[in-house]
Amino acid sequence: MSKAKYIFVTGGVASSLGKGIISASLGKLLQARGLRVTIQKFDPYINIDPGTLNPYEHGECYVTDDGAETDLDLGHYERFLNISTSQDNNVTTGRIYYNVIQAEREGKFLGKTVQVVPHITDEIKNNIFKLGNTDKYDIVITEIGGCVGDIESLPFIEAVRQAKLEVGPSRCISIHLTLVPYIKTAGELKTKPTQHSVKELQEAGIQPDILVCRSEHPVTLDIRKKLALFCNVPYNSVIEALDAETIYDVPILMRKEKLDERVLAKFKMSYKKQPKIDQWKEFLGRLKNPTSEVNIGLVGKYVELKDAYKSIAESFTHAGAENECHVNVNWIHAEDIDSKNVHKMLDNLDGILVAPGFGERGIDGKLEAVRFARENKIPFLGICLGLQCAVIEFARNVLKLKGANSTEMDPKSKHPVIDIMEDQKNLKEMGGTMRLGAYDCTIKKGTKASHIYNHSKISERHRHRYEFNGKYLQAFEEAGMIASGTNPDTNLVEIMEIPDHPWFVGTQFHPELKSTVDNPHPLFVKFIKAAIVNKKDTE
């Protein structure tokens, strides 16, 4: 039987305190001590997964190798721990209830009345223990979404209470993240919100073992003692979490606060061995001491909520550090660009990325951005819809195919250079039915893609319904845009590039989903390098 240990991370007082970053940081520190760690996220909303959620409401939908559409926190887990997550790492209330209802319909409960306790909580516990029962991990960190006291979170909190009883205190601890607000007029930090949050947790049957306190100001000795006294937590288990310059500082800050040591002490595990975080510190050194600077335009349709492109933004951070370059990301709304102002809006950029998305809103602006990058020899990276826009722009302005379009935007286009995939045509359900997850791609020798990857075969993650129409490939290649990467099984075009351009690459897949601190994605690394060269050439 597996002897994995379990850490539950809950939040209180306010949302968006950074449970995902704290979980990822703790996981990184434990991993750096030689432990095998994974992290999972339980989301209390009733959607089966984030795949059908509006990016304005939920941020990006993060896709795993096995094709799961998940919460963006899984991106933090992968970027910090440099591991792959899966369907088992993200579970929603919707999925829990769906599984229970399916079991009830199949008669698996033998006619019993199906209730939240024990049936829903049992299903939650099954998902908690699933990763721990594989013998792959020493520690499983489970982040509970939302705030303690939310109606939606109650079944998860109850399941955590039961799980703690089942595995015992030596294998299970609870970390509660709260806000300690600073009242400016009073000139002091206030502990009462945290006290009430912990009281709410205690009423649900859970005593937190460790408190992590988010604050804008240092949590003083007196404040820590007060929190320890009123929250029934040892003084040395009250951890300060100050606002950080970058999320990548948090593991170092948590190390200074000895969060990992407190966890190991609770588990009665040795913590004399120091974590190996030299590589992380080197990354931070390059990140904070750049030798150059570039301006990159991110042209998208959800730029008001930057979390909609979270993985892209973090990939720029990784690639910038790798090049010892500070990357200024200019967030440009595609709807604001037209043929009259495109020069004014994009002329100061050293590189242009046209972002993924769905639907026709903002498409004209994206096409103008592609054309500007192509004609002015500015380094260009198009991702998913960004590639498709590059194809449409090339078809219209180079191949002179009037009305060339994607059938997503114009189902009756005379030149559907982007068309819906064959297996997507008769689908009735939208959730979980796109081409999702990791697929192989064969790289053509002597191409820009070959130089970037330095491999003949790669694997990248996808999330799309539309693809390049192979009927037009010969015309494109004769005109100067080539397919440098294709799927070996279906011949689906995965990468397009223009050889007669300093750096012009579009990908049907999402490279940002595989960039981590330890392994920055080569496409982003080489894109930023090309932007540095472009800046020097234009100075």
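## Where H5 meets H6

In this predicted model, helix H5 brings Val116, Val117, Ile120, Thr121, Asp122, Ile124, Lys125 and Phe129 into contact with helix H6. On the H6 side, the partners are Pro155, Phe156, Glu158, Ala159, Gln162, Ala163, Glu166 and Val167. Sorted by class, the contact of H5 with H6 has ten nonpolar, two polar and four charged residues.

## How the two helices cross

Two packed helices are described by the angle between their axes and the distance between the axes. Here H5 spans residues 116-132 and H6 spans residues 154-167. Their packing angle is about 65°, and their axes lie 9 Å apart. H5 is therefore roughly perpendicular to H6, since angles of 65 to 115 degrees count as such. As for handedness, H5 passes H6 in a right-handed crossing.

## The largest pocket

The largest pocket has a volume of about 980 Å³. Its lining is made up of 40 residues, and the closest to the pocket centre are Ser16, Leu17, Gly18, Lys19 and Asp73.

Which elements give two or more residues to this lining? They are the helices H1 (19-31), H2 (55-58), H3 (73-81) and H9 (250-256), along with the strands E2 (37-43) and E11 (238-242). H1 supplies the largest share, with four residues.

How do the residues of the pocket lining divide by class? The lining of the largest pocket has 17 nonpolar, eleven polar and twelve charged residues.

Methods:
Residues are numbered from 1 along each chain as its sequence is written. This is a predicted model: local features need pLDDT of at least 70, side-chain atom pairs count only at pLDDT 80 or more; totals for chains, interfaces and linings use all residues. Side-chain values use heavy atoms; hydrogens and water are left out. Axes are lines fitted to C-alpha atoms, for helices over the stretch in contact, and angles run from 0 to 180 degrees between N-to-C directions. Angles under 35 degrees count as roughly parallel, over 145 as roughly antiparallel, 65 to 115 as roughly perpendicular and the rest as oblique. A crossing is left-handed if the near helix is turned anticlockwise from the far one by less than a right angle, and right-handed if clockwise. Contact means heavy atoms within 4.5 Å. Ala, Val, Leu, Ile, Met, Phe, Trp, Tyr, Cys and Pro count as nonpolar, Asp, Glu, Lys and Arg as charged, and the others, Gly among them, as polar. On a 1 Å grid over the protein atoms alone, a cavity is a set of points where a 1.4 Å probe fits but cannot get out, and a pocket is an open set with protein on both sides within 12 Å along at least five of seven lines; lining residues have an atom within 4 Å of a point. Grid points are joined across faces, edges and corners, and a volume is the space filled by probe spheres set on the points.
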